[in-house]
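Here are my notes on the model, as numbered points. Please read them with the coordinates open.

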Amino acid sequence: MRKWLPLTAVCLGAFMLLVDVTIVTVALPDMATSLHTTFADLQWVMDVYALALAALLLGAGSLADLIGRRKVYLAGLGLFALASLACGLATGPAMLITFRGLQGVGGAAMFATTMALLSGAYQGKDRGIAFGVWGAVNGAAAAAGPVLGGLLTEHLDWRWIFYVNLPVSVLAVLVTLRVVKESRNPQASGVDLPGMVTFTLFAGALTYALIRVGDNGWTSTTTLGLFALSALSLLAFVVVELRSSRPMLDLALFRSPAFVGIMTGGLLLSVAAFSYLVYSSLWLQTVRGMGPVTAGLAMLPMSVVAFVVAAIAGKKLHGAPPRLTVGGGLLLIGVGALLQMVIGAGSTWAALAAGLAVTGAGVGLATPAMAAAAMAAVPPARAGMAGGALNTARQLGNALGIAVLGAVFQAGLLHSIRSAHTVADPQGTADALTGGGAAGVIARAPQSAHLVHAAFADGLRDTFLVSGVLGLLGGVAVLLLVRTSAAPAAPAGVPAQATARETAQL
């Protein structure tokens with residue numbers, strides 16, 4: 001059994017990393033009540049984690065190649081644990097958001113090194129088994145996140161969704177120190193710090209602009225200034241990467257239409273499939289009155305179906321053209337979001353179940369071939385960079401999706417309240433509702449219950465519409481741009497379903 005201890009060390013870190021993507025979703029209403037947060041604060045609690053992952057994944061991988069993957073993994077574990085403790089002790093939204101971002105930094109260090117650590121620890125058949133187990137743990141973590149978060153929040157406190165990381169981190173550090181060997185890339189020459197800084201500034205400014213647009217408006221000086229800063233930062237990133245001899249991201253990769261198609265599909269998959277879950281959870285708990293556990297269970301159709309379909313697709317459809325599996329999966333994701341538009345003022349969680357299941361089927365179909373297709377679309381020497389770029393695109397898509405759909409949800413809810421002409425302060429009421437205060441609004445004015453239910457339903461319908469359209473556009477983009485005739489083979493010793501799951505949950 002000792003030979004599987006390195007796998008245990010890596011899986012412990014991966015489990016925490018992936019659970020923390022979804023575990024927070026069902027705890028947001030309790031956080032809002034405890035810390036008196038605004039709607040923008042709730043968005044940032046989710047977004048800053050994804051942003052840190054997106055901005056630092058490629059850079060963390062380069063740093064690990066240079067100074068040692070084991071060393072970077074351990075540093076990531078330590079930072080993740082300390083940030084988790086600080087999140088649990090947070091006394092206000094600013095503190096929680098700050099340390100949630102540091103969690104993402106630690107998560108990026110872990111996520112960027114896990115594949116390399118497993119590749120170095122195992123060979124041949126053992127490597128295939130290791131990647132298969134790692135992929136199963138990834139899927140289980142994503143499925144368990146909402147339920148585990150609900151259990152901890154409902155029976156202990158929302159702070160325990162962060163405290164639970166501490167003993168797991170300690171165990172992972174001890175096992176890693178004992179059994180995982182150091183490895184590095186002898187040809188590594190450095191870290192593209194200018195590229196990391198400009199990319200982070202681009203993504204952060206764009207996300208901040210989208211989150212604040214609900215309060216500031218699209219044409220305010222602040223919003224336009226942030227969009228301008230984002231555009232300039234993106235331009236600077238492009239210039240830096242074109243001039244660098246060792247770029248974080250080789251922009252020449254985008255000369256391949258297939259690579260562009262897969263990157264577009266990866267980014268839009270995260271937006272269309274996952275970003276609206278934040279607002280669905282807010283509706284389930286603050287409007288429908290569900291507890292965190294039952295709200296988490298209500299989201300399981302997506303996770304369970306995605307896991308099952310990914311396992312089947314990885315085995316049965318490995319030789320299928322990726323343009324069909326990835327493109328078809330995105331089309332299903334779009335249809336799944338549109339199906340959820342049946343929600344109305346009197347709907348319960350069951351109104352979402354069918355759409356979530358169809359979306360899960362799309363996620364399970366699209367992800368098995370996505371990572372391998374991205375790497376097959378570029379020269380072999382750039383395969384690792386292509387895989388990292390796909391993970392970055394997916395994290396960026398999740399962050400931007402939460403911000404964009406938040407603006408759509410907020411606008412739809414506010415429009416519904418104003419259209420009723422029965423509320424003296426529509427903006428104040430909308431702010432209270434999106435901040436988790438639906439119960440308080442109804443308690444103060446029981447006659448407003450139907451308005452609250454209708455406003456949430458209108459806001460969610462708009463988010464599902466936008467998500468569905470983006471999912472369909474992503475599917476069309478993949479079908480048009482990706483022309484690879486068959487899914488490429490998995491790396492030596494890695495089963496197809498392992499490469500399927502390695503990015504399916506992030």
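1. The crossing of α4 and α5 is left-handed. A crossing gets that label if the near helix is turned anticlockwise from the far one by less than a right angle, and is right-handed if clockwise. Helices here are DSSP runs of H or I with at least four residues, strands are runs of E with at least two, and both are numbered from the N terminus.

2. On provenance: this is a predicted model, where local features need pLDDT of at least 70, side-chain atom pairs count only at pLDDT 80 or more, and totals for chains, interfaces and linings use all residues. Residues are numbered from 1 along each chain as its sequence is written, and side-chain values use heavy atoms, with hydrogens and water left out.

3. Back to the first pair. Helix α4 covers residues 69–88 and helix α5 covers residues 93–121. They pack at an angle of about 155°, with axes 8 Å apart. Axes are lines fitted to C-alpha atoms, for helices over the stretch in contact, and angles run from 0 to 180 degrees between N-to-C directions. α4 and α5 are therefore roughly antiparallel to each other. By class, the α4 contact with α5 has 17 nonpolar, 7 polar and 3 charged residues. Ala, Val, Leu, Ile, Met, Phe, Trp, Tyr, Cys and Pro count as nonpolar, Asp, Glu, Lys and Arg as charged, and the others, Gly among them, as polar.

4. How do α11 and α20 pack? Helix α11 (residues 257–274) meets helix α20 (residues 449–481) at about 165°, with the axes 8 Å apart. That makes α11 roughly antiparallel to α20. Their crossing is left-handed. From α11, the contact includes P257, A258, V260 and G261. From α20, residues including S467, L470, G471 and L481 take part. The contact residues of α11 with α20 divide into 11 nonpolar, 6 polar and no charged.

5. A258 lies in helix α11. Is A258 buried or exposed? At 12% relative accessibility, A258 counts as buried. The cut-offs are under 20% relative accessible area for buried, over 50% for exposed and partly exposed in between, with a 1.4 Å probe and protein chains only. Leaving out residues up to four places away in sequence, A258 touches A377, L481 and V482. Contact means heavy atoms within 4.5 Å. The C-alpha atoms of A258 and A374 are separated by 7.7 Å, although the two residues are 116 apart along the chain.

6. M31 lies in helix α2. M31 is buried, at a relative accessible area of 1%. Beyond residues up to four places away in sequence, M31 touches V24, H36, T37, V45, L96, W158, I161 and F162. M31 and T153 are 122 residues apart in sequence and 9.6 Å apart in space, C-alpha to C-alpha.

7. Check H36. H36 is not a glycine, yet has a positive phi of about 55°. Most residues other than glycine have a negative phi. H36 lies in the loop between α2 (28–35) and α3 (39–67). At 69% relative accessibility, H36 counts as exposed.

8. Of the 506 residues, 59% count as buried. The C-alpha atoms fill a box of roughly 70 × 50 × 45 Å along the principal axes. Among contacts between residues at least 6 apart in sequence, 83% join residues at least 24 apart.

Technical notes: Angles under 35 degrees count as roughly parallel, over 145 as roughly antiparallel, 65 to 115 as roughly perpendicular and the rest as oblique.
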